[in-house]
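Thanks, everyone, for making the time.

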Amino acid sequence: MWEAQREPDVISTYSAATSACEKGEQWQRALALLNEMWEAKLKPNVISYSAGISACEKGEQWQRALELLNEMREAKLQPNVISYSAGISACETGEQWQRQ
C-alpha cells in the first residue's frame, strides 16, 4: 500500500486487523471486527471476509465459515479462490466432507 503511495483507509485497516486475528487464531475477534464494520456502516470486502473465514477454519468453526460465505453473497460480494478454499478447508477440518 505504501509502495503504491496510497494512504491506508478504514476498510484496509479492518481487513489487516481481521487477517491478524486469523493468523493469531482469534476467530471470535475476527468475527467481532466484521460485525464492527457493519455497525460502523462500512461494508467489509472480500479480503475481510476471506480472513474471517480462514480464522473460523483455524478455530474449527466450519458452520460460521459457511455462514460467512453466505453473508458475502448476500452482501453482493463475489467470493474468490481464497474465500472458497478457506471454506473448503473449514469443512475438511470439521470433517464435513459432504458439505465441500
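This is a predicted model: local features need pLDDT of at least 70, side-chain atom pairs count only at pLDDT 80 or more; totals for chains, interfaces and linings use all residues.

Let me begin with α3 and α4, which are roughly antiparallel to each other, because their axes cross at roughly 165 degrees and angles over 145 count as roughly antiparallel. Helix α3 covers residues 46-58 and helix α4 covers residues 62-74, and their axes come within 8 Å. The crossing in which α3 passes α4 is left-handed.

Which residues of α3 and α4 meet? On the α3 side they are Val46, Tyr49, Gly52, Ile53 and Cys56, and on the α4 side Arg64, Ala65, Leu68, Leu69, Glu71 and Met72. Sorted by class, this contact has 8 nonpolar residues, 1 polar residue and 2 charged residues.

One of the α4 residues in that contact is arginine 64, which counts as partly exposed because its relative accessibility is 23%. Leaving aside residues up to four places away in sequence, arginine 64 touches Leu31, Cys56 and Glu71.

My second residue is serine 83, which lies in helix α5, residues 81-93. Is serine 83 buried or exposed? With a relative accessibility of 0%, serine 83 counts as buried. With the sequence neighbours up to four places away again set aside, serine 83 touches Val46, Ser50, Ile53, Leu69 and Met72.

Definitions and conventions: Residues are numbered from 1 along each chain as its sequence is written. Side-chain values use heavy atoms; hydrogens and water are left out. Axes are lines fitted to C-alpha atoms, for helices over the stretch in contact, and angles run from 0 to 180 degrees between N-to-C directions. Helices (H or I, at least four residues) and strands (E, at least two) are DSSP runs, numbered from the N terminus. Angles under 35 degrees count as roughly parallel, over 145 as roughly antiparallel, 65 to 115 as roughly perpendicular and the rest as oblique. A crossing is left-handed if the near helix is turned anticlockwise from the far one by less than a right angle, and right-handed if clockwise. Contact means heavy atoms within 4.5 Å. Ala, Val, Leu, Ile, Met, Phe, Trp, Tyr, Cys and Pro count as nonpolar, Asp, Glu, Lys and Arg as charged, and the others, Gly among them, as polar. Buried means under 20% relative accessible area, exposed over 50%, partly exposed in between (1.4 Å probe, protein chains only).
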